[in-house]
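Take your time and find each residue as it comes up.

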Amino acid sequence: MKWKQQLFGMKAYQPGKPIEEVKKLFGLDEVIKLASNENPFGSSPKVRQFLQAQQSNHAIYPDGYAQSLRTSLANFYCVEEKELILGNGSDDLIAIITRALLYPGVNTVMADLSFSQYWHNADIEGAEVRKVPLKEGVHDLDAMLAAIDDKTSVVWVCNPNNPTGTIVTDEALSAFLTKVPKDVFVVLDEAYIEYVNDKTYKDTLHYFREYPNLILLRTFSKAYGLASFRVGYGIAQAEVIAKLDPVRAPFNNTVLSQQVAQIALQDQEFIASCREANEIGKKQYVAFCERHGLNYFPSQTNFIMFEVKADSNVVFEEMMKRGFIIRSGAALGLEGYIRVTIGTEAQNAKFLQLLEDVLTEQGVFA
Ligand SMILES: Cc1ncc(COP(=O)(O)O)c(C=O)c1O
């Protein structure tokens, strides 16, 4: 068969082991997943109430335009409905953007380390991937600019960045955007934006009005706690949305997904309370790292990446045996580190206590 050459040797995205499998594997009653940056507090109680009472007709296709959710998002952000695109998670939007703008002969610029789906999708389309090393854990926007040439089609800025959790300053971002050539599409992936707590952080929404070559990506999977429903969205000028929309699958958000996202969006109190709890949790990890002299990246998200001074895969395995699923730094491109989703206060305390045991066993702590 005439498979795309790029697919040979390519692996599917490797998600962590499911909770039930880990329970069975290690004979555990409880397993806590702190691997995929989901919300440990779940979603708005209003979503739960709605789901208990809902009686949709499941035989009918969803509204392909997600009109009701679209109107809510447009009102929430004070943007036009035609300035929005809905995705089956922002993963879907990354794939749509890639399919629309990347092909053999062009290149795409991104940070290293950053979110794997940028290069995974670019590889499938046969575009050249240009990875620009982070500078002290943060996007090196000057070096990314220098990597752009007349064959560059898309540049990805993951802000805050996964897996380091760091943000670029508004000053740096603003200077970068003025210098990116107008025919290069800028993706500002803000999957974790609701968690940002840096006092110097400035809202980025206005950038899409100033730059016709920019899209902002956001998601209901993280702070909104709706990862299983798969809803992400992009905000860009209407001309950009009109170009991307034909690439989108016709019914890419289910009936229920549209409904729960709309309900969750209205409950900003829940988001604020999760952000607060996340700050408390983050402090638990930071205190642990400082007490033990372990490097960590200053996180503006609901996860933190820090040094373990041991083989990341071993720490990952040992924590899994003890009932915690995390991400090994080796899998994310930084051996000797782990990435942990910030859980509830109790989960974090238990995790850190067990991690202390593991790192003592590994000879890291005396
Ligand atoms: C930076 C970033 N972008 C996008 C996504 C995709 O999220 P979703 O497809 O659930 O919206 C993730 C998920 O981990 C992420 O970390």
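A few ground rules come before the tour. This is a predicted model, in which local features need pLDDT of at least 70 and side-chain atom pairs count only at pLDDT 80 or more, while totals for chains, interfaces and linings use all residues. Residues are numbered from 1 along each chain as its sequence is written, and side-chain values use heavy atoms, with hydrogens and water left out.

Let's begin with charge. Side chains of opposite charge can pair when their charged atoms come close. The working cut-off for a salt bridge is a side-chain nitrogen of Lys or Arg within 4 Å of a carboxyl oxygen of Asp or Glu. By that rule, the whole structure holds 16 salt bridges.

Find helix α12 (residues 312-321), where Glu318 and Lys321 sit three residues apart, about one turn of the helix. These two form a salt bridge, with their closest N and O atoms 2.9 Å apart. For accessibility, buried means under 20% relative accessible area, exposed means over 50%, and partly exposed lies in between (1.4 Å probe, protein chains only). Glu318 is buried at 14%, whereas Lys321 is partly exposed at 40%.

Now look at Glu361, which forms a salt bridge with Arg322, again with closest N and O atoms 2.9 Å apart. This pair joins distant parts of the chain: Glu361 belongs to helix α14 and Arg322 to the loop between α12 and β10 (324-325), 39 residues apart. Glu361 is exposed at 53%, and Arg322 is partly exposed at 24%. Together, Glu318, Lys321, Arg322 and Glu361 are linked in a network of salt bridges.

Helix α14 takes part in another pairing. Arg291 forms a salt bridge with Glu356, their closest N and O atoms being 3.6 Å apart. Arg291 lies in helix α11 (residues 268-292) and Glu356 in helix α14 (residues 345-361), so this pair too links distant parts of the chain, 65 residues apart. Arg291 is exposed, with a relative accessible area of 57%, while Glu356 is partly exposed at 28%.

What about an arginine that is buried yet has no salt bridge? That is Arg327, whose nearest side chain of opposite charge, Glu38, is 9.9 Å away. Arg327 is found in strand β11 (residues 327-328). Counting contact as heavy atoms within 4.5 Å, and leaving aside neighbours within four places in sequence, Arg327 touches Tyr13, Gln14, Ala35, Leu332, Ile338 and Arg339.

Leu332 is the next stop, in helix α13 (residues 329-332). Leu332 is buried, at 18% relative accessibility. Beyond its neighbours within four places in sequence, Leu332 is in contact with Leu113, Pro163, Met305, Arg327 and Arg339.

Finally, turn to helix α3 (residues 67-77) and helix α10 (residues 255-266), which pack at an angle of about 25 degrees with their axes 9 Å apart. The contact is made by residues including Leu69, Leu73 and Phe76 of α3 and Ala261 and Leu265 of α10.

Conventions:
Helix = DSSP H or I, 4+ residues; strand = E, 2+ residues; numbered from the N terminus. Lys, Arg positive; Asp, Glu negative; His and termini not counted. Axes fitted to C-alpha atoms, helices over the stretch in contact; angles between N-to-C directions.
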